[in-house]
Amino acid sequence: MSSVVAKQATYDYRSLKNQLFELLDTLGGGLIRENSRVVVKPNLLAPASPQRAMLTHPMVVKGVAEYVLDRGGKVQISDSPAMGTFEKVLKESGIREALKGLKVTYKEFKESTTIDVGEPFKKIEIARDALEADVLINLPKLKTHSQMLLTLGVKNLFGCIVGFRKPQWHLRAGVDREVFAALLVRIYQAIQPKLTILDGILAMEGEGPGKGGQPKEVGILLGSADAVALDVAVCRLLNLAEDELLTNKMARTFGLLDDPVALIGDRVEIRDFKLPMMASVVFGPRFSHAFLRKHLIQRPYLEESLCKSCGDCQRYCPAGAISCRRKKINFDYEKCIRCYCCLEVCPHGALRTHQPILGKVVANVMNRSS
Ligand code: SF4
Ligand code: SF4
């Protein structure tokens, strides 16, 4: 039986700290020993304030850091942001300020170690600090994700792929979400975080995970020693079938979801949570994928009034599908692999998804017949 512990919570630090200490004691108090090197991995996708609900809240990071210090461990806060400098993310997220005076180190994931994660990916490079930590504490945010539906415990560890290796992997996984989900699960297996605590106090709904998503007060913390079990518990709370989140499906395929998942602790619920508009998955023979992608799957589109022509999306796009002419962003939908990285990294929330007309028709027909 894999247990997931739920707590009703707010960011009021006094009560949050108690809740986090209780949660961590329940989940694995004995894990942290004198001088254990503990890497804390929040979601630090890109610079954003806590009100945007894009990143793990600074009070959650602080509570976990204080717990580790209290147990004699050494704390290192690490991630590899998709956009913006690590320092800028620490500052805008409020983490630098919140943790002032605590004896923690901040270190961006920069060096990788190559490990063999098996077929079909074989060798992949993962942040050395994440692999070599005595204990890695994974601190995801509860957010929607235009490509993967949600970004939770397993997906948060994609941040342990260093810098521009991330878009390269998006490109290799291509438009096939199951392949990308399999990659995420393999990364999770390689890192084996000892604990995962999900910040679902101020979550993100709608067209996440970047600034196109909307903050949503949910008021929960979930913790588990098993990130897959935690992701399954979130699906249950959202009334989703477990396998709708493809990382769960792939985890089951890899034998990581054999035990039943028990949700214990406070009684919690999530109401009226808006999921992102998801495209139908690619099906049919491989030669037809380009056609299907072009005509059925949502494409990124620009809200011109919000674009500041900063070029971040163009620099990050793994497929080279974005160009900029006379300060106007253009998409090459033939090249675009629908990874939606551009939505993640746009600092001004100027990108959305849009479904082509044929895709809408097919989705309607499929909905009616299901
Ligand atoms: S345009 Fe956006 S969705 Fe398309 S490949 Fe580039 S980053 Fe991915
Ligand atoms: S869409 Fe966003 S990331 Fe791209 S140029 Fe405009 S503001 Fe910058």
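Predicted model: local features only at pLDDT ≥ 70, side-chain atom pairs only at ≥ 80, totals over all residues.
Residues are numbered from 1 along each chain as its sequence is written, and chains are lettered from A and ligands numbered from 1 in the order in which they are written.

**View 1. The shell around ligand 1.** There are 14 residues around ligand 1, and Cys317, Ala319, Cys336, Cys339 and Cys342 come nearest; to be near, a residue needs its C-beta atom, placed from the backbone, within 6 Å of the molecule. Sorted by class, that makes 13 nonpolar, no polar and 1 charged residues. Here Ala, Val, Leu, Ile, Met, Phe, Trp, Tyr, Cys and Pro count as nonpolar, Asp, Glu, Lys and Arg as charged, and the others, Gly among them, as polar.

**View 2. Cys342 and its neighbours.** Cys342 sits in helix α13 (residues 341–345); helices (H or I, at least four residues) and strands (E, at least two) are DSSP runs, numbered from the N terminus. Cys342 is buried because it has 25 C-beta neighbours inside 10 Å, and the cut-offs are 20 or more other C-beta atoms within 10 Å for buried, 12 or fewer for exposed and anything in between for partly exposed, with C-beta atoms placed from the backbone. Leaving out residues up to four places away in sequence, Cys342 touches Pro300, Cys313, Tyr316, Cys317, Ile322 and Leu351 (contact puts C-beta atoms, placed from the backbone, within 7 Å).

**View 3. Helix α1 against helix α2.** The axes of α1 (residues 13–28) and α2 (residues 58–70) come within 9 Å and cross at roughly 50°; axes are lines fitted to C-alpha atoms over the stretch in contact, with angles from 0 to 180 degrees between N-to-C directions. Tyr13, Leu16, Lys17, Leu20, Phe21 and Leu24 in α1 meet Met59, Gly63, Val64, Glu66 and Tyr67 in α2. This contact has 8 nonpolar, 1 polar and 2 charged residues.

**View 4. Positive phi at Leu149 and Asn239.** Leu149, in strand β9 (residues 149–151), has phi near 80° and is buried, with 22 other C-beta atoms within 10 Å. Asn239 has phi of about 60° and belongs to the loop between α9 (227–237) and α10 (246–253). With 10 other C-beta atoms within 10 Å, Asn239 is exposed.

**View 5. A cis peptide bond at Pro209.** Gly208 and Pro209 are joined by a cis peptide bond, with omega about 10°. Pro209 lies in the loop between β10 (195–206) and β11 (213–224).

Note on methods: Contact = placed C-beta atoms within 7 Å.
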